[in-house]
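I open the notebook with a plain plan.

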Amino acid sequence: MIRLLLLAIIICAGLFLGPMLVDQKGYVLIAVDDWTIESSVVVMVMVILIFYACLQFLEWALVNLLSLWGRTRYWFGWRKHQLAQQKTLSSLLDLAGGRFALAEKNSARYASLSDQPMLNYLTAANAAQHLGKREQRDKYLASAASIKSDDSALIATHLKMLRADGDTEQSASWLATQPTSVLEQPEILALALPIYQQTKQWPLVLSSATKLLKNKLLSQQEHADIEIEAHLALLDASADESLDNLHAYYKKLTRKQRNNINLYRRYAELVVKLKGISEVEASYFKLLRKKENACLIPVLMNVKSDELQNCCDKLIALESVFDDCMLFYSTVAHLYTGMRQWDLAKSWYMKAIALEPSATLYHKLAFAQQQLGEETGALASFNHSLKY
């Protein structure tokens, strides 16, 4: 632009000064050895201007000729880039439409030219997954990881595929190698939670469920159910270590959790198995005064032989609370069976059957009758059991 402006100024100056110089009798002489050039000033100026114009034109032609290859090369690159974008979008549509082979081919082929190569590799991996090509799928995932290994979309996709493979242990091992910053993302936690549950990683289950609740990805009821499941398992684990560990873990629970009837029932069952009912007797029978706590009754199924009579007497004292509860009568019968008081066991089994007959109750009644020598009655009870 500057050169053209300069040329225009020179031409204008020449047009202005040319007529003035025509009348002047000056000349220009150029001599080199025996070679000389003689010309008027006006002609020499015109020659210089023409020479300068030719020089500018030659420069323009040379520059454009040299840049022609680069522009042509860029055009081909631009064309490939546009094609890559089109194929990336079409491969997504092919994946959605179930054309998995075509989706894998196009997304993988143009990944290097795409603006979003991660998207291409994930599309190809999903297509390969549907085609059952696990080895090829893992190669696509590895290529995606080489771009950005902690990308949440990559982690989520990989995790979904591992879950689909059905290898829970492998999924858990792979999760353990991922960065903490990625694993704390709510979307990843939602996928990881079932794996933690299946592999019994209960501390991780509890922390993940709490974070998902805060992010409103779990309802209050879902969180409560998961929390109870985890604490039940952790109570079992602490009981496997020692009775002291069981007591310590139960005491660490919140008041609300300790008041949960399911958690208390498991705690009481474990204490009864390890030590006997004496350590939880007071709290147990206090809770049992309420009819809605009938689920606690089976805890007495595991009491020790020297505790049977005491537990049986205290349970019978609550008959007015559980007068329509089959579980109550069958448990009393079980306690009498443990004490080998067959006539009383028979009586209570019959009360249980009157409320809710079942094959199991008839079998137990038949056993008690057999111990009493009532062969006919035992045979009749056994025949009744066949109806259920």
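This is a predicted model: local features need pLDDT of at least 70, side-chain atom pairs count only at pLDDT 80 or more; totals for chains, interfaces and linings use all residues.

**Entry: α3 and α4.** Helix α3 covers residues 100-109 and helix α4 covers residues 117-130. I read an angle of about 150° between them, with the axes 8 Å apart. The crossing of α3 past α4 is left-handed.

I then listed who meets whom. From α3 come F100, A103, E104, S107 and A108. From α4 come N120, T123, A124, A127, A128 and H130. By class I get six nonpolar residues, four polar and one charged for this contact.

**Entry: α7 and α9.** Next I took helix α7 (residues 168-176) and helix α9 (residues 186-198). Their axes come within 10 Å and cross at roughly 120°. I therefore note α7 and α9 as oblique to each other. This crossing, too, I record as left-handed.

On the α7 side I find T168, S171, A172 and L175. They meet A192, I195, Y196 and Q198 in α9. I sorted the contact by class: five residues are nonpolar, three are polar and none is charged.

**Entry: α18 and α19.** I moved on to the pair α18 and α19. Helix α18 spans 342-355, and helix α19 spans residues 359-371. They pack at about 155°, and their axes are 9 Å apart. That angle makes α18 roughly antiparallel to α19. I log a left-handed crossing here.

The α18 side supplies W342, K346, Y349, M350, A352 and I353. The α19 side supplies L361, Y362, K364, L365, F367, A368, Q369 and Q371. Split by class, the contact has ten nonpolar residues, two polar and two charged.

**Entry: L361.** One of the α19 residues in that contact is L361, so I asked: is L361 buried or exposed? L361 counts as buried, because its relative accessibility is 5% and the cut-off is under 20%. I looked up its contacts, leaving out residues up to four places away in sequence. L361 touches M326, S330, Y349, A352, I353 and E356. Among these, Y349, A352 and I353 are also on the α18 side of the helix contact.

F382 is 21 residues away from L361 in sequence. In space the two are 9.9 Å apart, C-alpha to C-alpha.

**Entry: the cores.** Which residues touch the most other members of the largest nonpolar core? I find I277, Y284, L288, L300 and F328, out of 75 residues in this core. Helix α11 (residues 220-241) gives the most to the core, with eight residues.

I followed up Y284, again skipping neighbours within four places in sequence. Y284 is in contact with Y264, I277, L296, I297, V299 and L300. Of these, I277 and L300 are themselves on the list of residues that touch the most other members.

Another core lies apart from the largest one. I count it in at twelve residues, including A111, Y121, A124 and Y140. A124 is also one of the α4 residues that meet α3.

**Entry: H223.** I went back to helix α11 for H223, which has its place there. At 11% relative accessibility, H223 counts as buried. Beyond four places in sequence, H223 touches A209, T210, L213 and L218.

**Entry: positive phi.** Last I looked up backbone angles in residues other than glycine. K216 has a positive phi, near 60°. I place K216 in the loop between α10 (202-214) and α11. Is K216 buried or exposed? K216 is exposed, since its relative accessible area is 75% and the cut-off is over 50%.

R340 also has a positive phi, near 60°. I place R340 in the loop between α17 (326-338) and α18. At 56% relative accessibility, R340 counts as exposed.

How values were computed
Residues are numbered from 1 along each chain as its sequence is written. Side-chain values use heavy atoms; hydrogens and water are left out. A nonpolar core is a set of buried Ala, Val, Leu, Ile, Met, Phe, Trp, Tyr and Cys residues joined through side-chain atoms within 4.5 Å. Buried means under 20% relative accessible area, exposed over 50%, partly exposed in between (1.4 Å probe, protein chains only). Helices (H or I, at least four residues) and strands (E, at least two) are DSSP runs, numbered from the N terminus. Contact means heavy atoms within 4.5 Å. Axes are lines fitted to C-alpha atoms, for helices over the stretch in contact, and angles run from 0 to 180 degrees between N-to-C directions. Angles under 35 degrees count as roughly parallel, over 145 as roughly antiparallel, 65 to 115 as roughly perpendicular and the rest as oblique. A crossing is left-handed if the near helix is turned anticlockwise from the far one by less than a right angle, and right-handed if clockwise. Ala, Val, Leu, Ile, Met, Phe, Trp, Tyr, Cys and Pro count as nonpolar, Asp, Glu, Lys and Arg as charged, and the others, Gly among them, as polar.
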